[in-house]
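Here is a walk through one protein model, written for someone who would rather look at residues than at tables. Keep the viewer open and follow along.

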Amino acid sequence: MALNNTSPTTTVAWQKLEKHFTKLKEVSMQELFAQDPSRTEKMHISWNTFLLDFSKNRITDQTVSLLMELAQALDLKEAISKYFSGDILNVTENRAVLHTALRSSETNILVDGNNVVPQINAVKQKVRLFSEAIISGSSRGYTGKAFTDVVNIGIGGSDLGPDMVVEALQFYKNHLNVHFVSNIDGDHVNEVLKKLNPETTLFVVVSKTFTTQETITNATTIKKWFLQHTSEENIAKHFAAVSTNSEKVTEFGISAENIFPMWDWVGGRFSLWSAVGLSIALAVGFDAFEELLQGAHEMDQHFQTEAFDKNIPVVLAMLSIWYNNFFEAETEAVIPYSQYLKKLAPYLQQAIMESNGKSTDREGKPVNYQTGNVVWGEPGSNSQHAFFQLIHQGTKLIPCDFIGFKESLHQNKEHHDKLMSNFFAQTEALLLGKNQAKVIAESGDNDFLTSFKVFSGNKPTNTLLIEKLTPKSLGSLIAMYEHKIFVQGVVWNIFSYDQFGVEYGKQLANSILEEMNTGQMKPHDSSTTFLLKHFLK
Ligand code: F6P
């Protein structure tokens, strides 16, 4: 059964939120903190190794209860249960949305009446055996040398998730160098090839469809390069593929035993938990990959069972809706205070914006309210020296998620304390601001510069403080954002799991490529014609 298709703006809860907003929009968080000393006590969630403090938001207890009322009015509870039980929630592609099954402990999960758990376990076992053989050196390259390098060839969901996780878990990595080739820009693949020895490199072609232009072009270029060094029969030792399309993989020349299946009911941008995570298992070992899955599974359970106001993904999603739809915030930032998480924002950009960047509701009608947020970010403290000026003193409201860890992996206390002092100071500064009186008191003078040194404060942040960056906590963190996306899609009454928006540009690119190859220009708008002529000159 599909989700219902109620427009959120027609609910009583939405109307109450609108009224509530007109009162609250002028209220500052400083006042709210002053009025209620127990604010943070109420507005935080402690779960496993996670502590979420959401008290630095422009909300009261009433806002929280109205946001939860909205979630209830839109049958979120029922939607969550449909999500986990394999209902066809991806209606426009006629598919279930079951990436959660890949990390579940259930023994019976049905898709179209078939239990998918045995196939999930079989593929996991295949990933385990394959990755262990490469890591241990029992499986070797065509000249008998152990593998030193792995190249993941994929794009979008077949690249961003594994790339982000391999980067994030660098501390736990083994001796294999793992590279990622994604862009159709030949400079990307050529730069990676420069570093490789064909005798000791394993190539993993990851493409759910195995028709994606970027991936097939890069894989073909790499295969040609490989065959300049050795013969066709060695492809079997050096190339593996992850795909739903075994026919196309075989056509490409990869042997059947090196094909890792995936399934339609796993969306590309949620697929790192499947065999798409092969490069993760190769980089950190299968046991660590299992811990990643376990962390995600525990977040799944939290999301499924916890009351909405104590449910981390639900709270984050509803707060984000509060800013997006009532304060009209256009963007939100994710600022991890960990260099290991430098690829989190690019990963989330696909997960969030490809999912919820939609303007047609579940009935096929245009929505008359804002949907998907623009998400961006960079690790702190680097980002403080880049764009924090605008967050502190610009004209735009940018709610931020601050993610930090109690423990540093290299145990470098001096650095970690300095890093974390920035982490806490920034959210405090964003909350409190600095008024004119304080600026004058500090400088001892009310001069021309005074007004430039004033900070209005009242800028909302969520603080997520996690014990330590481990495969498990990372799994929970990623799953947390996946479920936030789900909740927002349910509330906005859109389909979060298709991506028709990326098709049109691809279609035009194919036609332009044909024009480039044949030299026969077709009619375009005058700007495109002008540019193409300049390019082809
Ligand atoms: O960008 C569109 C998209 O379909 C993504 O959703 C997907 O992750 C990516 O292309 C790659 O697709 P594939 O894994 O089929 O190569």
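## Ground rules

This is a predicted model, so to speak of local features a pLDDT of at least 70 is needed, side-chain atom pairs count only at pLDDT 80 or more, and totals for chains, interfaces and linings use all residues. Residues are numbered from 1 along each chain as its sequence is written, and side-chain values use heavy atoms, with hydrogens and water left out.

Helices (H or I, at least four residues) and strands (E, at least two) are DSSP runs, numbered from the N terminus. Buried means under 20% relative accessible area, exposed over 50%, and partly exposed in between, with a 1.4 Å probe and protein chains only. Contact means heavy atoms within 4.5 Å.

An α-helix has 3.6 residues a turn, so residues three or four places apart point the same way. The helix covers residues 117–136, and its end C-alpha atoms are 28 Å apart, which agrees with the 28 Å that its 20 residues should span. That expected span is 1.5 Å times one less than the number of residues.

Helix α20 (residues 503–518) can be checked in the same way: its 16 residues reach 23 Å from first C-alpha to last, close to the expected 22 Å. Here too a glycine follows, Gly 519, with a positive phi of about 75°.

## Domains and cores

The domain assignment (automatic or from a database) gives domain 1 (8–73 + 306–492), domain 2 (113–288) and domain 3 (500–536). The C-alpha centres of domain 1 and domain 3 are 41 Å apart.

A nonpolar core here is a set of buried Ala, Val, Leu, Ile, Met, Phe, Trp, Tyr and Cys residues joined through side-chain atoms within 4.5 Å. The largest one has 127 residues, and Trp 265, Met 318, Trp 322, Leu 474, Leu 477 and Phe 486 touch the most other members. Helix α19 (residues 471–492) gives the most to this core, 12 residues. Domain 1 and domain 2 both give residues to this core, so it lies between them. Take Leu 474: beyond its neighbours within four places in sequence, it contacts Val 165, Ala 168, Leu 169, Leu 292, Leu 341 and Leu 469. Another core, of 22 residues, lies apart from it, and includes Val 151, Ile 153, Trp 225 and Ala 241.

Is strand β12 (residues 400–405) mostly covered or mostly open? Mostly covered, since 6 of its 6 residues are buried. Cys 400, Phe 402 and Gly 404 point one way, while Asp 401, Ile 403 and Phe 405 point the other.

Strands pair if DSSP finds at least two bridges between them. β12 runs parallel to β10 (residues 331–336), with 4 bridges, and parallel to β13 (residues 461–466), with 6 bridges.

## Aromatic rings

Rings of Phe, Tyr and Trp (its six-membered ring) pair if their centres lie within 6.5 Å; planes under 30 degrees apart count as stacked, over 60 as edge-to-face and the rest as tilted. The count comes to 33 aromatic pairs. Trp 322 and Phe 327 make an edge-to-face pair, 5.5 Å centre to centre with 85° between the planes. Trp 322 is buried at 0% relative accessibility, and Phe 327 is buried at 15%. Both belong to a cluster linked by ring pairs, along with Trp 14, Phe 21, Tyr 323, Phe 326 and Tyr 369.

## A loop residue

Phe 54 sits in the loop between β2 (50–53) and α4 (61–73), and counts as buried at 2% relative accessibility. Leaving aside neighbours within four places in sequence, its contacts include Lys 42, Ile 59, Leu 319 and Asn 462.
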